[in-house]
2 protein chains.
Amino acid sequence: MTAPAPLSAPRAFEVVLEWVESRILAGQLHVGDLLPPERELARQLGVSRSAVREAVRTLAAQGVLRSSVGAGGAGGTAVTAVPSRALERFLRLHVALANFPVDDVIQARIALERLSARLATANARASDLAAMREALAAMDVAGIDKSAFNDADTAYHVAIAGAAGNRLVADMTVAIRESMRLPLLDAFRNVGEWDDLVDGLRAQHQAIYRAIEERDADRAEDLVEEHIRSAWHRLAPSFDRRWGTSEDSRPGTQI
Amino acid sequence: MTAPAPLSAPRAFEVVLEWVESRILAGQLHVGDLLPPERELARQLGVSRSAVREAVRTLAAQGVLRSSVGAGGAGGTAVTAVPSRALERFLRLHVALANFPVDDVIQARIALERLSARLATANARASDLAAMREALAAMDVAGIDKSAFNDADTAYHVAIAGAAGNRLVADMTVAIRESMRLPLLDAFRNVGEWDDLVDGLRAQHQAIYRAIEERDADRAEDLVEEHIRSAWHRLAPSFDRRWGTSEDSRPGTQI
DNA sequence: GATTCATATTGGTCAGACCATTGTGGATGG
DNA sequence: CCATCCACAATGGTCTGACCAATATGAATC
């Protein structure tokens, strides 16, 4: 009856996780820094190499570590910074699991893209505007393929998010848009009156661009919201039930 | 010169990842479903058990899988749904890596909590309001400990997010608030005029609660924004530079 | 001095073993 | 017949040790 006995002994890979995380949170590990070799770290922490590898996989899944083989500085496991991929996979999977009803995602997207649009009117540089025009031009091609249009559409929204200059909002926007790329393409394929729809989207995109170019924040954010809402209303009926549209949402959650 | 030769052979654990992900995205795997035992899955896919385990760790890091030992239905690896933990770790690490400047995070938080407040006025149930009142009461204790106040503060904002009924927004809000719990506690400890500050926060919280209770969406979201902004202005000077406050933000990105 | 090649380093993978936890069903005893 | 207990099997967690593949480095060669 000496010690209360630890209720749950930390698992081996969690020891490694803790080692890396605490160093990152304490500012001792920065982007670009190399971790010790797996064998060495395993020896240091008194765990097996498999435990180290599982911890590394966990952090790599968060976009925090990146491993590459080979000797010298190019090889090894390093601290990295690619949050968007990780966020995208995260959203894609949880949306598919109906953890996040599509309606909820659209609502979040509106809030984020409103902010993006507002910030973009303040922060957009010439190069940002050029990227937006490029995406607009790509969508303007007559008789454009649905898939190509979808890609350019994504690129346009991503360009706005990038122009906003807020990395978190930009990454979240990218992740949301990318996580819905396939479902949206699916809806594009099934929707009727494609030509009519695409003309409307083009006009809305152009209007948003003008608002940003003219630095009219209020107009820009309202146009963005209106754009997302109307597109969603148009596409929702063609949206495959597979993607989990509002089954059990609360009464007021509709968009 | 037959095949273009795969530029990068899929790694073993990616085969497993693909196997699980495609089944989730195709709707063949739902929350609660059990995966085959690791040994069995390894055999099926022709990879080693370690490869399976690394893939499982990757998906567990996203909050998509959960493993537990033991025989029967209780043991095994199952599809799960705990996105908030995963999001929280994700944000905490990337904020610490200065991938996401704190100013950016605050801005995103404002956008999300504005939405939460608006939705809460429409969707809050009696039990949600009770949870909010409970957090308010916890913050009202005279001479309250800074750490306890911080916890109750978090609980209050989380309660609003929960009342909104949008799971994605709620999880993002929780993740953002939780990821800043330690830095905020740090700032609390260093800030001067604590009593004055905490009185102001209490009053703002109460005002937000009344707006939600009275179902005044516009007032609620404006009060929330004002609350977060003023708290941040108050705390920013005491914020440890370690947490990466706006070093290289664009000119217009200040809050 | 440039090129080539052996070598060391490092992550990626695998096989096989043992442990700890947990449910199950059969044996045991009332 | 029922309740209790226990051996056993299933499953994830961990470890060891080995080999492969990619990559940088430096020595040997031209």
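Between chain B and chain A, 16 residue pairs are in polar contact, both partners at pLDDT 80 or more; such a contact is a pair of N or O atoms within 3.5 Å, where within protein one must be able to donate a hydrogen and the other to accept it, and residues adjacent in sequence count only if both atoms are side-chain atoms. This is a predicted model, so local features need pLDDT of at least 70 and side-chain atom pairs count only at pLDDT 80 or more, while totals for chains, interfaces and linings use all residues. Residues are numbered from 1 along each chain as its sequence is written, chains are lettered from A and ligands numbered from 1 in the order in which they are written, and side-chain values use heavy atoms, with hydrogens and water left out.

**Where chain B meets chain A**

- α4(B) gives the most to the side of chain B that touches chain A, with 10 residues; helices here are DSSP runs (H or I, at least four residues), strands are too (E, at least two), and both are numbered from the N terminus.
- By class, that side of chain B has 33 nonpolar, 14 polar and 15 charged residues, with Ala, Val, Leu, Ile, Met, Phe, Trp, Tyr, Cys and Pro taken as nonpolar, Asp, Glu, Lys and Arg as charged, and the others, Gly among them, as polar.
- In contact terms (heavy atoms within 4.5 Å), 62 residues of chain B meet 62 residues of chain A.
- The two chains bury about 5700 Å² between them, 60% of it on carbon and sulfur atoms; that is accessible area (1.4 Å probe) lost on being put together, summed over both.
- There are eight salt bridges between chain B and chain A, each a side-chain nitrogen of Lys or Arg within 4 Å of a carboxyl oxygen of Asp or Glu.
- One of them pairs A:Glu54 with B:Arg57, with the closest N and O atoms 2.7 Å apart.

**DNA strand D**

- Of the 28 residues around DNA strand D (a heavy atom within 4 Å), A:Arg11, A:Ala12, A:Ser48, B:Arg49 and B:Arg53 come nearest.

**B:His157**

- B:His157 is in helix α7 (residues 146-164) of chain B and is buried, with a relative accessible area of 2% (buried means under 20%, with a 1.4 Å probe and protein chains only).
- Its side chain makes a polar contact with that of B:Glu113, at 2.8 Å.

Methods. Buried means under 20% relative accessible area, exposed over 50%, partly exposed in between (1.4 Å probe, protein chains only).
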